[in-house]
Amino acid sequence: MGVHHHDQDGGGGDRVVRRQMPSDGAMDGGDGSDEASPSKKKWLLFNRPLLSYVPIRLCRRCGRLPFCIAILLLILVSRALLEELWDTSLNPALTEIYTLLEDDLMGSDVKCTDTDTLSVKSIVEKRRNGLQTVDESGTVQAARQVCECLLRPLVKEGGVEDFQGTTRRYGARDWSDDGQSAKVKVSSIAERRQLLTGLLDSMHCELHVYQYPIPPVSAAHQPEPLSLRKVLRAKGNSAYLLESVFWSHTQQLPNFHTISYHGGDPSVASAIASLTAAFAVPTFPTTAVFGHRSDLAVMWKSTLKKWNLGGMDNLDRWRTAEDVRGAVESIRHEYPYFNETEGRFHFWVVSQDGGKPEYSAFADRTFNANASALTCTSDVVDYHKMFNMRRYHHWDSNEPLTVPFEPPYSFNPRRDVAISLSGNIIRAARARRDVPQPPPTTPSTSSTTDDTPPLPSGPSRIPALLQALNRGHLVFFAGKIGQGSPFRGGKLRVALRDSLQDTPEALIVEGRMSRGDYERALRESVFCLCPRGSRGWSPRLMEAVWYGCIPVVLADDYWMPQGCFWDWTALAVLIPESDALKTKERLMELSLADVRARQRGLLQVRHHFMYHVNLQRGDATDMAFLELWLKQNVCPVLAGITQ
């Protein structure tokens, strides 16, 4: 039995880490008995990953307990000092890392600047005075166009939101367009980023984020503040770090406040009235899951369940969902703001494989309907549930209550926010160094015409494409295939592998790769496969974007991050899961001009999908808060204003 840091199959070499504990036979002295004697049970308390098994065995044989305890403490202190030295001075890779993150470590560059910004306060005031027509600046017009996408996504047959249709319709739309013309204008990425500057300026000045004090139920799982040390020690799925990222970056926003007392604060009430408030709910599901997995009671119950001896299934997740419920109940009873707003203007972060449906399953229905979840797991339809969340009234209950996966518990693209998926800050910095940013496009360079001769047809098409792009692999994938559950490395990935068996230019690695080999493959590949795993998302999607490797996404009903800001159909290749066997055929239909346009677009927008040690203007955290601010504060106001 070991402490298992589970990965949602994020690609690369930093995905699954197991710290193995000695077997049960070793713990009970090697006599093979199922239960340790009372004299041996005390040694179970010391059987933790940081301790060495050999010194414990020696101590048990010599019988000098005080001396042995002193030796064990010396080992612990020595190991801690060595780890500290390795993280600060002895590690030869630190010089490279400090160079990569030199600008990032200088601090946050996000601040409120007095420019021509969208003033939610002024629009609300005009509305209260009966003015239904307002003079709209370019920033307000841009916000209106984005809000049309955020609040009114296209819906497919069956009532399911259509991400591909929505991002194609709105993601490239000219935000200066009044929407009255029959033909929708298309704006370039450079023009869109310029308008985003105005929206970000507005958000930095208008949004006031209030942090509730951490309730006792969440205090034990408060994430460590983000630092270079934390980044260096991050293990497992890189998305698991995002809880620490958002926890730290939220406190770097220009208008961040901590609620200091239980009574109503006039300044908070004013922010609520002017629709400029956002409340951070102190829940930490990702940190809590792994904290619970290290709990001896959870280990014991999970072991019993594994051997069909009773116990409870998914106990770590059950306790985490109870923590979320407890935190919400705490702020409801101790502070007036949740009840006054009926849960609106509240948000929470979950970056674990289990998303909003699992960890908010026991919370108040109002919380699920009106608060916003900033989450990696943004499947609008949960076809592939990782586990069925059940509520037990007692640890030994045999009559659990199964919580349904349906609205308002499921991801809602009108209110929830899909966040960027990889928290590998060092890998992002290497991508910026190894794959330079292309020069900004101008009206003359953004023309759809291309002087490059068309690619030949037949067997010579792929070599000609690779030579033109100066890349060595047509397609790249690294991860589990045909192993585990039907969804993680299941039939979809097997179909992809089979469809590319006769393509020598495809690099398909079944398993993990070293860090250097993985990043080299990203640099040298034209397309990167991003199929559904346990859930629709994977950190490999963002890592492909960073390196200009065109993502080939096969994940039905997955709502991709920032889909209303960029046209994902012009950046990636989106293929239905049912067409997995036609993947190569779909890729060969693209012209050289199409491929180059996608690569250039990815490198132009990649900053908006990267995280940093400190909050940076327009980075992945900043963009998540921009979308949150628009959905919770701005769009409802603009929806009631006519031009």
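Me: Is Cys-530 buried or exposed, and what is its relative accessibility?
Reply: This is a predicted model, so treat the figure as computed from it. Buried means under 20% relative accessible area. Cys-530 falls in that class, and its relative accessibility is 4%.

Me: Which cysteine sulfur is nearest to that of Cys-530, and how far away is it?
Reply: A disulfide needs sulfur atoms within 2.5 Å. Cys-530 is in no disulfide. Its nearest cysteine sulfur sits 6.4 Å away and belongs to Cys-528.

Me: Then which cysteine does Cys-528 form a disulfide with?
Reply: Cys-528 lies in strand 13, and its partner is in the loop between helix 24 and strand 14, so the pair ties together parts 21 residues apart in sequence. The torsion about the S-S bond is about 110°, so this disulfide is right-handed. The sulfur atoms are 2.0 Å apart, and the partner is Cys-549.

Me: What is the hand of the link between Cys-149 and Cys-564?
Reply: Cys-149 is in helix 7 and Cys-564 in the loop between strand 14 and strand 15, 415 residues apart. Both ends are buried, Cys-149 at 1% relative accessibility and Cys-564 at 7%. The torsion about the S-S bond is -75°, which makes the link left-handed.

Me: Is Cys-112 buried or partly exposed?
Reply: Cys-112 forms a disulfide with Cys-205, sulfur to sulfur 1.9 Å. Cys-205 counts as buried at 18% relative accessibility. Cys-112 has a relative accessible area of 38%, so it is partly exposed.

Me: What pattern do the disulfides follow along the chain?
Reply: The count comes to four disulfides. With bonded cysteines counted along the chain, the pattern is 1-4, 2-8, 3-7, 5-6.

Me: Where does the largest nonpolar core lie?
Reply: That core has 127 residues, and Phe-527, Leu-626 and Leu-630 have the most contacts inside it. Helix 27 gives the most to it, with 12 residues. Two domains both give residues, so the core lies between domain 1 and domain 2.

Me: Why do the buried residues of helix 22 line one face?
Reply: The buried residues are Leu-492, Arg-493, Ala-495, Leu-496 and Ser-499. An α-helix has 3.6 residues a turn, so residues three or four places apart point the same way. Seen down the axis of helix 22, the buried residues line one face because they fall within an arc of 155°.

Key:
Residues are numbered from 1 along each chain as its sequence is written. This is a predicted model: local features need pLDDT of at least 70, side-chain atom pairs count only at pLDDT 80 or more; totals for chains, interfaces and linings use all residues. Side-chain values use heavy atoms; hydrogens and water are left out. A nonpolar core is a set of buried Ala, Val, Leu, Ile, Met, Phe, Trp, Tyr and Cys residues joined through side-chain atoms within 4.5 Å. Buried means under 20% relative accessible area, exposed over 50%, partly exposed in between (1.4 Å probe, protein chains only). Helices (H or I, at least four residues) and strands (E, at least two) are DSSP runs, numbered from the N terminus. Domain bounds come from an automatic or database domain assignment. The arc is that of the directions from the helix axis to the C-beta atoms.
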